[in-house]
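Look over the sequence and the fold before reading on.

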Amino acid sequence: MKSFSDSYKQAGVDVTAGYEAVKLMKSHVARTMTEGVLGDIGGFGGCFAPNMAGIKQPVLVSGTDGVGTKLKLAFLLDKHNTVGIDCVAMCVNDIICCGAQPLLFLDYIAVGKNYPEKIADIVSGVAEGCVQAGCALIGGETAEMPGFYPEDEYDLAGFSVGMVDKEKMVDPTSQKAGDVLIALPSSGVHSNGFSLVRKVFDVENADLNKTFDSLEKPLGETLLTPTKIYVKPMLELFKQVTVKSVSHITGGGFYENIPRSLPDTLYAKIEKKAVRVLPIFQLIQQVGNIPERDMFNTYNMGVGMCVSVDKNDADKALEILKANGEDAYIIGELANGEKGIEILD
């Protein structure tokens, strides 16, 4: 006899909708299967057997995050197949900062009402993010929570685990004055600072199809652009160059994130003129009348990741990154002094 509860359905939870959602998402999950996955989705735990060949001292690196209030844009535009990429990106981009390769991912979707097609749409984005990161979507959870979330809204979070040989971990303590800082361009606002974005544009009442001369796409579509995933180009860089530190530029922008990968005796000197600021950030600053300092302390400004290498390795690092699809460029260097950041005019 199949699982069904009419009483639970009357309370707002339809377990059969959950089964239908799992059925619809299976084809998306199948795209992410990698060597090491054991079993199929639907069990009580996701199982993964990592390949330990050649690894002397394995270190597991984990990351968890959500998409934040960027989800409001997805609700307003009724577009749900990209926010899953953001969810994966926010986790795996953190993991790669340690030099680890993401292995697996799990998602958590909490909804006011389970619409199976919408759930499958969300998971299709999660699967696409996993494919871009080279990791497997081995499980997840969909929680129907009537009365807690509005029927047409949801929250999305994720969790990822990666692995690296301890001797190959990124070591920020190896940095020294004169090391070069390389920027990897972002795809847009990524998944941070959207409370301010929503305030600036009053998105709940705005015409999200409005176009601006500086933007290639309408405002809503530009803001919903998925977070770029840097895993594959960074793994190639690790193979050929000694990377001394990696900063994922998320909420808190330059001022918060770059110092996180510095020792106490060094600070980052950033050449503001070298930063290729994306038009969307110029528009946010202009419309919101936001001080430039606050912009660099909130947004990535067009730099999704910042990598530190020895100045003698800089040209080779740029060559490798460009060969792997990243139009990377130098934005500054490290100097002796109290840990922090200075953005120079």
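At which residues does UniProt place the feature "domain: PurM-like C-terminal"? The unreviewed entry puts it at residues 176–341. The model is predicted, so local features need pLDDT of at least 70, side-chain atom pairs count only at pLDDT 80 or more, and totals for chains, interfaces and linings use all residues. Residues are numbered from 1 along each chain as its sequence is written, and side-chain values use heavy atoms, with hydrogens and water left out.

**Domains**

- UniProt also lists "domain: PurM-like N-terminal" (unreviewed entry) at residues 59–164. UniProt annotations may be inferred rather than shown by experiment.
- Residues 59–164 are 37% helix and 37% strand, and their end C-alpha atoms lie 5 Å apart. Helices (H or I, at least four residues) and strands (E, at least two) are DSSP runs, numbered from the N terminus.
- Residues 176–341 are 32% helix and 21% strand, with end C-alpha atoms 15 Å apart.

**Largest pocket**

- The largest pocket holds about 730 Å³ of space. A pocket is an open set of points on a 1 Å grid over the protein atoms alone, with protein on both sides within 12 Å along at least five of seven lines. Volume is the space filled by probe spheres set on the points, which are joined across faces, edges and corners.
- Its lining has 33 residues, and G99, Q101, M163, V164 and L235 lie nearest the centre. Lining residues have an atom within 4 Å of a point.
- Strand 4 (101–111), strand 6 (154–165), helix 8 (231–240) and strand 8 (243–248) each supply at least two lining residues.
- This lining divides into 17 nonpolar, 9 polar and 7 charged residues. Nonpolar means Ala, Val, Leu, Ile, Met, Phe, Trp, Tyr, Cys and Pro; charged means Asp, Glu, Lys and Arg; the others, Gly among them, are polar.

**Second largest pocket**

- The second largest pocket has a volume of about 630 Å³.
- It is lined by 27 residues, with V22, G42, G140, E141 and T142 nearest its centre. Helix 2 (15–30), strand 4 and strand 5 (136–144) each give two or more of them.
- By class, its lining has 13 nonpolar, 9 polar and 5 charged residues.

**Cavity**

- The whole structure has 1 cavity of 30 Å³ or more. In a cavity, a 1.4 Å probe fits but cannot get out.
- The largest cavity has a volume of about 40 Å³.
- V111, K113, Y115, K118, I119, E151, D152, E153 and Y154 line the largest cavity. They comprise 4 nonpolar, no polar and 5 charged residues.

**Helix 8 against helix 12**

- Helix 8 packs on helix 12 (residues 314–323) at about 145°, with axes 9 Å apart. Axes are lines fitted to C-alpha atoms over the stretch in contact, and angles run from 0 to 180 degrees between N-to-C directions.
- P233, M234, E236, L237 and Q240 of helix 8 meet K316, A317, I320 and L321 of helix 12. Contact means heavy atoms within 4.5 Å.
- This contact has 6 nonpolar, 1 polar and 2 charged residues.
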